[in-house]
Amino acid sequence: MKFVDEFRSPRLISRTGEEIRRLADPNRHYRIMEVCGGHTHAIYRFGLKDLLPSNVELIHGPGCPVCVLPMGRIDDGLSLAAEPNFIFAAFGDMMRVPGTHGSPLEYKARGMDVRIVYSPTDALKLARSNPEKHVMFFAIGFETTAPSTALTLVRAKAEGLRNFSVFCNHVTIIPAIRAILDSPDMRLDGFVGPGHVSTVIGCRPYDWIAKDEGKPVVVSGFEPLDILQSIVMLLRQLRKGEAKVENQYKRVVPWEGNRAALRAMAEVFELRPYFEWRGLGFISQSALKIRASYAAWDSEQRFSVPGVRVTDPKAAQCGEVLKGVLKPAQCKLFGRECTPEQPVGALMVSSEGSCAAYFNYEHRKPIAIAAAAN
Amino acid sequence: MATPATKIRFREPQIEMAHGAGGKASRRLVEGLFAPILFGAGQGPLGDAAHIQINGTRIAMTTDSFVVKPLRFPGGSIGELAINGTVNDLAVSGAKAEALVVTFVLEAGLPTDILEAEVRAMADAAEKAGVVIAGGDTKVVEHGKADHMYVTTTGIGRLLSGVEISPGSVRPGDKVLLSGPIGDHGITILLARGDLDLEADLRSDTRSVLPLVQALVREAGKGVRWMRDPTRGGVATSLNELARDCGHGIVICEEKIPVRDSVRGACELLGLDPLHIANEGQFLAIVSAELADTALRALRATPGGEEAEMIGQICEQPAGAVLVTTLYGGTRLVDMLVGDPLPRIC
């Protein structure tokens, strides 16, 4: 496949793996956080950890949109959609995420009109073709998906489409990184920076991580070679004692971001004073709400939302895993009470959740197996 | 007939779509509810078809229901699937389909020309597969109670001579063969539903695999241990079922698995793994190491088998699981499908 295979070339990948082994100081232990769940998924899917020396440790970050959503928000969304003539539309990622009384798919099995959409404009199409029903798009995601939600709202307003609204759960990545760096139990050497988020916000918003915190950031693509090359770039900086923001994903990420997307977001959204994140608690100015000028298309302003707050099951350690303090398998529930089939926490649901990635691809994997294959 | 001793292990409060998706949930339903009540204790691993004896003659018997939306899609339709699906289930259990009976569940309001087209498609597919349609039944349900039409086919077949299929006979060192590229059917259906605004030049792979199975058995029958057509749940689910049933590990090599570019592209975009995508015209075979090359040659020499590959082998470890070696020497486990494959966002 053009533009994919080039970044999966076994020859280049093994050469980059060698470069990593050469650059890593054997007397030092490196803890590098990949912020984005897409990176976590790729690391497990392509078995990249097998290519790293044991002193280069990858810590999985909070960049998985469904993982950080607290259960109360899911309950709120589903309780609205229990009204007659409601259609609950959401991305496939949301469908198996458990609320207190089940996931959207389970609600669907009990008769709720739940639709999987691939983009918010598909939800808008649903609203046009079902004028007798109200379509609520349950919006999730970081700055990656927020612009398409914004543009969809602009279009809904322009068309005067009254049977459509958005239940907005969009969050922003920078406050989450700050919360992690502020966490006392966290020692990190650098960040593999989010790729898709950065196509929108650019690379400047990470400057403070390098300048104030003294940690290097390399914005990275999602193919195996991208991720390994980003680790090389981080190790080079660490070796020289530098801390700066670099862009490995230049073929997609402009340094200044995407101005049109940022404008659309500014038109439709404003920052919430605070928002609750699963595992990370309340973080101020970390999420987006729909502006009053779009109130008619905001499910929260238009309908009365119960505002459910649910604490995670005590034994579940989603928060520690999200912050990178614990590895997935160190959680007490991992693989026993909590599996991809019967998930307790959202990290076990999304393909980008570190628990699901770890469970599906890694856990039970004896180390010497690769040799057996030959 | 259920005795108090029958232990039901299926504890889920209601049936979800995932119970029909062919993955783990389906297996729990069958093994936890149907098998203990209907077959009693001591039932071995469940195959694609039952083998039964009547007056000393062993025959294979199977049944399959078809619910597909849309009814017609590039490369096939529900009628063809209904014939080929049952013919294939018999073929991979080592039998040649001889006769089928058909049940139609029709929704009131179904246009006759749509029904007629499907019935004609079934007649054509049956003729191609060399199987007789010996009878049938029809039920009509109220409008809104079914998606146009559902079809069930039940078939019996004569066991091919010179082959004995059983997961228990699988040994470390045996090779894993795959008849051709995977994922065509599942991705074709996903795109044909039109929800995703994606287009690709892709056709379902629905066909009878009997000619390929016959060639394999003719040339390497003694070495053939196990076969399965990886329909819902894909290659990953079929191999995981085998790994659990035989107790050994299966190691497959990612670069050997044939996948068309359009399928790979759609999977990349949607966040799906081709190993979890449904097929309707491919099968997996486990063949002893000595006869594996002969078997591969036999498949490739048969029309429709040109793209067959040897994709891996049976190993002692990881016992009961399937491991993929990636292009770069890394490895990952591949589990059964959990629930339905759902497209992701970013």
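Chain A and chain B of this predicted model bury about 4000 Å² between them, and 56% of that area sits on carbon and sulfur atoms. On chain A, 51 residues take part in the contact, and chain B brings 42 residues to it. Three salt bridges count between the two chains. If you'd like to look at a salt bridge between these chains, go to A:Arg45 and B:Glu268, whose side chains meet at 3.5 Å, N to O. Polar contacts turn up here as well: seven residue pairs between chain A and chain B, both residues at pLDDT 80 or more.

Which parts of chain A supply at least two residues each to the side that touches chain B? The list is made of helices α1 (10–23), α2 (37–45), α4 (104–109), α5 (120–129), α14 (354–361) and α15 (369–372). Sort that side of chain A by class and you get 24 nonpolar, 11 polar and 16 charged residues.

Where they meet, domain 1 of chain B puts in 23 residues and domain 2 of chain B puts in 21 residues. Together the two domains of chain B bury about 1700 Å², with 59% of it on carbon and sulfur atoms. On the domain 1 side, B:Pro74, B:Asn88 and B:Val92 lose the most area to domain 2, together 29% of what that side buries.

In terms of class, the domain 1 side holds 11 nonpolar, seven polar and five charged residues.

With strand β7 (residues 149–159) of chain B, β5(B) pairs in the antiparallel sense over 11 bridges, and B:Lys96 stands opposite B:Arg158 in β7(B). With strand β6 (residues 132–141) of chain B, β5(B) pairs in the parallel sense over nine bridges. There, B:Val105 has B:Lys139 in β6(B) as its bridge partner.

Back to chain A, where the assignment gives domain 1 (5–64 + 173–247), domain 2 (71–170 + 272–302) and domain 3 (318–361). Let's look at domains 1 and 3 of chain A, whose C-alpha centres lie 21 Å apart. In their contact, 21 residues of domain 1 face 15 residues of domain 3. The area buried between these two domains of chain A is about 1400 Å², and carbon and sulfur atoms give 62% of it. On the domain 1 side, A:His41, A:Tyr44 and A:Cys64 lose the most area to domain 3, together 37% of what that side buries.

One salt bridge counts between domain 1 and domain 3 of chain A; the side chains of A:Lys327 and A:Glu57 meet in a salt bridge at 2.7 Å, N to O. One residue pair is in polar contact across this boundary, with both residues at pLDDT 80 or more. The domain 1 side gets two or more residues from each of β1 (30–36), α2 and β2 (56–63) of chain A, and β2(A) gives the most, with seven residues.

Note on methods
Residues numbered from 1 in each chain as written. Chains lettered and ligands numbered in written order. Predicted model: local features only at pLDDT ≥ 70, side-chain atom pairs only at ≥ 80, totals over all residues. Heavy atoms only, no water. Contact = heavy atoms within 4.5 Å. Buried area = accessible area lost by both parts, 1.4 Å probe. Salt bridge = Lys/Arg side-chain N within 4 Å of Asp/Glu carboxyl O. Polar contact = N/O pair within 3.5 Å; in protein donor to acceptor, adjacent residues only side chain to side chain. Helix = DSSP H or I, 4+ residues; strand = E, 2+ residues; numbered from the N terminus. Nonpolar A, V, L, I, M, F, W, Y, C, P; charged D, E, K, R; others polar. Pairing = 2+ DSSP bridges. Domains from an automatic or database assignment.
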